Amino acid sequence: DNEQSPTATWQAKHRELYERATRHPFILSIRDGTVDFSSFKRWLGQDYIFVGEFVPFVFSVLLKSWKESEIKSDMEIIFGGAAALSDELSWFKNEASKWGVDLCGITPFTANTEYCRFLQSFTTLDINYTVAATAFWAIETVYQESFSFCIEGDHKTPTELLGTCQRWGNSDFGQYCKSLQQIADRCIKKATADVVREAEEVFVSVLKHEIEFWNMSSSE
Ligand code: HMH
């Protein structure tokens, strides 16, 4: 119900953009088994760089929740996400060695650099908790919705990629994204009109960055 969830309203309002981010041709190609493994390897290397920048972003959201949230469980949920990133970086290193991707030799593409700059703007500028929590929820949810689609129903996802899809597509990660959505919704409902507008803009920006990130991965 839209009154209950401002973020769900935005997902519906920006449906077209949302679908382009969560049902991108790259994701569809994984699901139907036609994915080009060199595209997958490109995505892997680029996402490793992204996650390196995502770490300080998530810790900045954690810090904002500690300063600005009166709900203790927010910090616990965000800290859970922050703590999981250590494991995630190890996963990338392990996956890269399996695929013969040299993580030291990777240069970020423009779409990645721009997305990372966007993340950095949250740590350097005075962006409030509501807006940052909205961005955090959106970033995680695009991956969750994309990769869960590759492992549900009648998929033909290559066996070699199932682990990757499971990483973000599993139901625990789905539950974690729902918790982030509840945090964002609660903050948005209490926010001023200006902050609500800013949060919606940030949601749209995340979708655009995610689309560009997939484009970069799938094109040669
Ligand atoms: C580009 N978006 C991108 N990379 C990720 N790893 C996530 C979202 C989810 O953490």
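## Aromatic pairs

In this predicted model, the count of aromatic pairs comes to 32. One of them joins Phe-136 and Tyr-176 in an edge-to-face arrangement, with 6.4 Å from centre to centre and 75° between the planes. Because Phe-136 belongs to helix α7 and Tyr-176 to helix α9, this pair ties together parts that lie 40 residues apart in sequence.

Both partners can also be placed by their accessibility. Phe-136 has a relative accessibility of 1% and therefore counts as buried, the cut-off being under 20%, and Tyr-176, at 15% relative accessibility, counts as buried by that cut-off too.

## An aromatic cluster

One aromatic cluster is formed by Phe-26, Phe-37, Phe-40, Trp-43, Tyr-48, Trp-91, Phe-92, Trp-99, Tyr-143, Phe-147, Trp-168 and Trp-214.

## Charges over a ring

The ring of Phe-149 has arginine side chains placed over it: Arg-23 lies over the face at 3.8 Å from the ring centre, and the charged end of Arg-31 sits over the ring at 4.1 Å from its centre.

## The largest pocket

Two or more lining residues come from each of the elements α4 (37–68), α5 (72–99), α7 (129–149), α8 (159–169), α9 (171–190) and α10 (193–218). By residue class, the lining divides into 12 nonpolar residues, one polar residue and five charged residues.

Notes
Residues numbered from 1 in each chain as written. Predicted model: local features only at pLDDT ≥ 70, side-chain atom pairs only at ≥ 80, totals over all residues. Heavy atoms only, no water. Helix = DSSP H or I, 4+ residues; strand = E, 2+ residues; numbered from the N terminus. Nonpolar A, V, L, I, M, F, W, Y, C, P; charged D, E, K, R; others polar. Phe/Tyr/Trp six-rings, centres within 6.5 Å; stacked < 30°, edge-to-face > 60°. Buried < 20%, exposed > 50% of the residue type's maximum accessible area, 1.4 Å probe, protein only. Lys NZ or Arg CZ within 6 Å of the ring centre and 35° of its normal.
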